[in-house]
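Me: I would like to go through this model with you. Could we begin at the surface and then turn to the sheets?
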Amino acid sequence: MLHIPLLNRILIWGVVVIGLALAMPNLFYNRVEQANDARAAIEVEGATPERLEAASQWPEWLPSGLVNLGLDLRGGAHLLAEVQVEDVYAQRMDGIWPELRDELRDARETVGTIRRADEGGPVLEVRISDAEGLPRALEIARGLSQPVTSLTGGGGQSLDVSGEQTGDTAVIRISMSEAERAATDDRTIRQSLEIIRRRVDEVGTREPTIQRQGADRILIQVPGIGSADELKSLIGTTAQLTFHPVVSRTTDPETNPGAGNVIYPSVDETGTYYVLERTPVLSGETLVDAQPAFDQNGQPAVNFRFNPQGARVFGEYTSENIGSPFAIVLDEEVISAPVIQSAITGGSGIITGNFTVEQSTELAVLLRAGALPAELTFLEERTIGPELGQDSIEAGRIACIVAFAAVLIFMGLSYGLFGLFANIALLINVGLIFGLLSMIGATLTLPGIAGIVLTIGMAVDANVLVFERIREELKTARGPARAISLGYERALSAIVDANITTFIIAGILFALGSGPVRGFAVTLGLGILTSVFTAIYLTRLIIVTWFDRRRPKTIEV
């Protein structure tokens, strides 16, 4: 006989109410989005009358999760960037030079005086004054080489070392091996991907698409951002923070900085240039935090903090160089060059300059996310307006309406009152899909809308199986209650088997696909779950509730 325990009825309707409540904010998308953005801004930057008014448009006690609209629906920015992996080779040689210099100094009696002969680049050249010491110098240089480690495999040593005599002197040449270059390229792309993702996430954008394309390119798509230029300004800055000893100060940009030095302009003082040692004392890689702040004069600034290793090096250097200027360089521009007044052993400091509040906040975001390991060259950039997205939404809405109408009419004509029950469950089913999408923060794309339309057509399949089984049971002269009960029991295995196979396909599409394919897989997979729930539990509960109240002697399906 038909019987559903009270607790089960409460659970079923509870799931329906919660799902529809989670979906409800999407009916007021713009209002809820403005309220969410205002609350986020209040937490970070403080309350203003405009933000408080926007936040009050949607009560905090109501659900506020939204289905994120993808680039094809909401508009946004599209960039294709190429990572200049060759930049890392020169940085690597600059990093090796101090260690090699110290090792060669310990062997000065054998190799003579030491001087760096190159001007910076992928090949490090070191000249020694005693040519007879070349074998010892090569031995020391090769000792700096390490086995190549990479996720892509490989092997061999990280450095290629060679040398040649030029009269009484000799030159050592050090470069990265082919295996190390391949491993470095892979690490550089992975690091760039992660840093771009952090920078985009820091500003609260919704569901960006950031993925590797080819050997050295990165595809970046960010919905809801104003323009491609805005996105480029956010991620295109390398934000390479370094700390250099100051050699001298000049107003002539053509001044020869000398071997081992570089000349960088000052940000604050127009026409002023600083000659700095090329090799930095510290780099931004040792930073663990950066936050916007205000200096003692109330001007915007950025507080930063080093990790233990950076704090130790910073403390040692400042204690040994009290009274000397120390340049803070960001992307080859001197932000400030304060004189070291005392040892800074706490591992923290402050960057001051002619910043606005927005500039100090953006600089803190860039430093906190980390420095891009290499420069990005933008090969393709597009700003996609919301009009294109609105057209897609309208097309998807029309498709959903047509699908709904066709399915509702078919079910109503084929199964009468029972078809009406199935139609009610179908409407709730779509609401539950949007509720789940809102809950997990998924991104709805145009292929995702196609998945919802497909779900609408598939959702009634389970009801058709059940209703056909009920018809067969009614032909055996069983009573209506027994026919309904047996119809659900005997159709259950077919319903589960059919949906499991489709769900497996959706899972494979999600795991192996990307972009539009994953968007389709998400809505298809969620649609299968909600369809099974509404067909097996909700429709049955509606039919049982109707049967308990009417107690008909006969039924027509």
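**Surface and sheets**

Reply: To begin with one residue of this predicted model, L512 counts as exposed because its relative accessibility is 73%.

Me: Which helix does L512 lie in?

Reply: L512 belongs to helix α15, which covers residues 480–512.

Me: And which residues make the nonpolar surface patch with L512?

Reply: The patch is made by L492, V496, I500, I504, I505, I508 and L512, and its area is about 640 Å².

Me: On to the sheets. What is the order of the strands in the open sheet of three?

Reply: The order is β13-β14-β17, and the pairing is antiparallel. β13 (287–294) and β17 (348–352) each have a single partner strand, so one side of each has no neighbour in the sheet. From one strand to the next, the twist averages 25°.

Me: How many bridges join β14 and β17?

Reply: Five bridges, in the antiparallel sense, with β14 spanning residues 300–306. Within this pair of strands, N303 stands opposite I350 of β17.

Me: What about the open sheet of four strands: which strands stand at its edges?

Reply: The order there is β7-β8-β2-β18, with antiparallel pairing. The edges are β7 (209–213) and β18 (376–384). Neighbouring strands are turned by 15° against each other on average, direction ignored.

Me: Which helix packs on that sheet?

Reply: Helix α9 (residues 228–235) does, touching β2, β8 and β18, and its direction makes about 145° with that of β18.

Me: How do β2 and β8 pair?

Reply: Strand β2 (residues 76–83) pairs with β8 (residues 217–223) over seven bridges in the antiparallel sense. The bridge partner of A81 in β8 is I218.

Notes
Residues are numbered from 1 along each chain as its sequence is written. This is a predicted model: local features need pLDDT of at least 70, side-chain atom pairs count only at pLDDT 80 or more; totals for chains, interfaces and linings use all residues. Side-chain values use heavy atoms; hydrogens and water are left out. Patches are made of residues with over 30% relative accessible area and no salt bridge: like charges are joined within 9 Å, nonpolar side chains (Val, Leu, Ile, Met, Phe, Trp, Tyr) within 5 Å. Accessible areas come from the Shrake-Rupley method with a 1.4 Å probe; for residues, only the protein chains shown count as cover. A salt bridge is a side-chain nitrogen of Lys or Arg within 4 Å of a carboxyl oxygen of Asp or Glu. Helices (H or I, at least four residues) and strands (E, at least two) are DSSP runs, numbered from the N terminus. Buried means under 20% relative accessible area, exposed over 50%, partly exposed in between (1.4 Å probe, protein chains only). Two strands pair if DSSP finds at least two bridges between them. Axes are lines fitted to C-alpha atoms, for helices over the stretch in contact, and angles run from 0 to 180 degrees between N-to-C directions. Contact means heavy atoms within 4.5 Å.
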